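Subject: Structure for you to look at, with notes

Dear colleague,

Please find the structure below, together with its sequence. My notes come after it, and I would be glad if you read them with the model open beside you.

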Amino acid sequence: MIAKYKTKGDRLTIVGFLMAVGGRLVDVVCEDSAPGMLLMLSGLVELIGGAIFVIGCGFLAKAKGHHCAWGLLGLLSLIGYFLLWLFLNDRTEQTSVKEGK
C-alpha cells in the first residue's frame with residue numbers, strides 16, 4: 001500500500017464522514033424549529049462531506065494500486081468503504097514481489 005495515498009485517504013474519509021453525519025444530524029434535530037437557511041446550510045455541509053468522503057475513498061483505492069475511480073464506491077457510504085478495504089486487492093504488494101523488492 002502506498003503510504004502517502006493511504007494517509008490522505010484516511011484523513012479525507014474521516015473528515016468527509018464526520019461532515020456528512022454532522023450535517024444530517026443538524027438537519028434531523030432542527031427540522032421543525034430551524035430557519036430555512038440553517039437547513040440549507042446543513043444540507044450543503046452534508047453534500048460537501050459526502051464528496052470529500054468519495055474523494056478519500058479514491059485515495060484509498062489509489063493507495064492499493066487501483067484507479068481512483070474505484071472511489072465511487074464511497075457513494076455507498078460505509079458499505080462502499082468496507083468493500084474497498086475488504087475486497088479490493090492490494091496491487092502494490094504484488095508489484096513489489098514481482099520486482100524482487
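Predicted model: local features only at pLDDT ≥ 70, side-chain atom pairs only at ≥ 80, totals over all residues.

Residues are numbered from 1 along each chain as its sequence is written, and side-chain values use heavy atoms, with hydrogens and water left out.

Helices here are DSSP runs of H or I with at least four residues, numbered from the N terminus. Helix α1 covers residues 3-29, and because its 27 residues should span 39 Å at 1.5 Å a residue, the 39 Å between its end C-alpha atoms agrees with expectation; the expected span is 1.5 Å times one less than the number of residues. Helix α2 has 28 residues and reaches 41 Å from its first C-alpha to its last, close to the expected 40 Å. After α2 comes Gly65, whose phi is positive, near 90°.

In α1, the buried residues (under 20% relative accessible area, with a 1.4 Å probe and protein chains only) include Tyr5, Asp10 and Thr13, and what covers the buried residues of α1 includes α2 (36-63) and α3 (78-87). The buried residues of α2 include Ser42, Phe53, Cys57 and Leu60.

As to packing, α1 and α2 meet at an angle of about 160° with their axes 7 Å apart, where axes are lines fitted to C-alpha atoms over the stretch in contact and angles run from 0 to 180 degrees between N-to-C directions. That makes the pair roughly antiparallel, a word used for angles over 145 degrees, as roughly parallel is for those under 35. Their contact (heavy atoms within 4.5 Å) divides into 17 nonpolar, eight polar and seven charged residues. Here Ala, Val, Leu, Ile, Met, Phe, Trp, Tyr, Cys and Pro count as nonpolar, Asp, Glu, Lys and Arg as charged, and the others, Gly among them, as polar.

Helices α2 and α3 pack at about 5°, with their axes 10 Å apart, which makes α2 roughly parallel to α3. Phe53, Cys57, Leu60 and Ala61 of α2 make this contact with Leu78, Tyr81, Leu84 and Trp85 of α3, so that by class there are eight nonpolar, no polar and no charged residues.

Leaving aside neighbours within four places in sequence, Gly50 is in contact with Gly16 and Ala20.

Note on methods: Helix = DSSP H or I, 4+ residues; strand = E, 2+ residues; numbered from the N terminus. Buried < 20%, exposed > 50% of the residue type's maximum accessible area, 1.4 Å probe, protein only. Parallel < 35°, antiparallel > 145°, perpendicular 65-115°, else oblique.
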